Amino acid sequence: MNDATNRNDWHQTDDLHAPRGKGDPFAAAIRATRMPMLITDPNQPDNPIVFANEAFFKLTGYSHCEVIGKNCRFLQGPQTNFNDVAKIRDAVQNREDIAVDLLNYRKDGSSFWNALYMSPVIDESGKLLYFFASQLDVTERKQAEQEIFQQKTSFEVAVRARTKELERALESKNTLIHEVDHRVKNNLQIVASLILMQSRNVKDEAARDTLRSVLGRIEALSAVHKLLYQSNDLPLLNVAHLVRDLVTNLMASSARENIAVSFDLDDIEVPAEKASPIALLINELVTNALKHAFEPEQPGKIYVRVKDGDGKVIVEVADDGKGFEGKGSTASFGMKLIESLGQQLRTRAQWVPTKPGTLVRLSVPASQIS
Ligand SMILES: Nc1ncnc2c1ncn2[C@@H]1O[C@H](COP(=O)(O)OP(=O)(O)O)[C@@H](O)[C@H]1O
Ligand SMILES: [Mg+2]
C-alpha cells in the first residue's frame, strides 16, 4: 500500500476516510454524494482502487476492505461485453476519458447496467496521477432499450413477412390482370377480324366505310390491351409506346406509302384507364389526317407529339395537308367521338390555326394523368 500521509493528495489524506462532512470539502462531497464514485491509482501495479464512496459500496454490495487495493475488473462477469472492457483498457492506456455502458456484477452475483464515466487526473506537470470514475445504475433504461429493440426487431420481422405476403398477392393479382388483358385483346382481335370479313361482303360503300372505322377503333383498343398485358408496371401505361404502336399500325394499314409520320414522344406514364380514350383519340385524329388531309397520290407528313407540359400532357396530331379548322363539323360521328373522349379526359380538342395543314391539340390535366 502507498504511504498516504507522505502524499500531497486530498483524497489520500486521513480526512478522506473521516466520517461524512469532515475534512476536505471536496472529499466530503464525494463521500456524501449518492452517485457511486471511485478513484484508481495507475501508478501502482494493476491500477488498484484507492478510494470508493459509500454509494459505490451500496450499489455493489462490497465493503471498503473488499474493494480498496483491487483492480475494478472484479465487477465484471460472464455476460460483460469484452469489447467494452477493451475500450476501457485502451482509454486507461491512452489517458483518455471514456463513457461506456457496462454490465457489472454485485457481490451477491446479481448484475446491473453500469453507465461508467472515467477520466484521468493529470497534474500541472502533465503527470498522470489517478483515474476518477463515476457509476450509475442504468439497468432500467437498458432493459427498456432492450425491450424496444426486441419489439422493433419482431415488428420488422412481422412487416417483412407481411410485405412478402402482399408482394405475392400483388404478383398473383398482376398475373390475373395480365391474363384478363390478354383475353380481352384476343377477343377484340376476333371481333376485328369478324368486322373485316363482313366489310368485304358489304357492297354499299358508305356502310363499308363505317365498318372500317369501327374496325380501326377496335384495333386501337386492342393495342391498349396488348400493351397492358405486356406491362410490368400494371396500373400505369407508357403513352409513348402506345402512340408509337398505334400510329405505326395505322400507317401500315393505310397503304399510303408517300405519307410519312414523324414522332415526338416524351416518356409519360398514364393510368391504365386513361389509355383507352387517348388511344381512341389518336386513332380518330391520325385516321382523319390519312383520310382527309391529302389527295389520293399526294405526298405528305403527319406529326404526332406527346409532350410533358407543366402539369399537363400535351397530345398533338398535325399534318401538312389541305387544312381543316374543325368548325361546323360537330354533326359528324368522328367529331362527336373526339368531343366525348375529350370530356372523359377533362379536356377539349383544339384545332390550332396552322399553315399548311391541320393541327389538333389536347391538353390533358395532370390530375387526370399521373
Ligand atoms: N386532318 C384533316 N384534314 C382535312 N380535313 C379534315 C381533317 N380532319 C377532319 N377533316 C374534315 O372533317 C370532317 C369530319 O371528320 P370526322 O368527323 O372524323 O368524319 P369522318 O372522318 O368520318 O369523315 C371530315 O369529313 C373532313 O372533311
Ligand atoms: Mg374521322
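Modeller: A residue is called buried under 20% relative accessible area, exposed over 50% and partly exposed in between (1.4 Å probe, protein chains only). At 48%, Ile190 is therefore partly exposed. The model is predicted, so local features need pLDDT of at least 70 and side-chain atom pairs pLDDT 80 or more, whereas totals for chains, interfaces and linings use all residues. Residues are numbered from 1 along each chain as written, chains are lettered from A and ligands numbered from 1 in written order, and side-chain values use heavy atoms, without hydrogens and water.

The largest pocket holds about 1000 Å³ of space (an open set on a 1 Å grid, with protein on both sides within 12 Å along at least five of seven lines). Of its 36 lining residues (an atom within 4 Å of a point), Ser213, Thr287, Asn288, Lys291 and His292 are closest to the centre. Helix α8 (272–293) gives the largest share of this lining, ten residues. The lining comprises 14 nonpolar, 13 polar and nine charged residues.

The second largest pocket holds about 410 Å³. Its lining has 20 residues, with Asn71, Cys72, Arg73, Gln76 and Ile88 nearest the centre. Here α4 supplies the largest share, four residues.

Definitions and conventions: 1 Å grid on protein atoms, 1.4 Å probe; cavity = no way out; pocket = protein on both sides within 12 Å on 5 of 7 lines; lining within 4 Å. Points joined across faces, edges and corners; volume = space filled by probe spheres on them. Helix = DSSP H or I, 4+ residues; strand = E, 2+ residues; numbered from the N terminus. Nonpolar A, V, L, I, M, F, W, Y, C, P; charged D, E, K, R; others polar.
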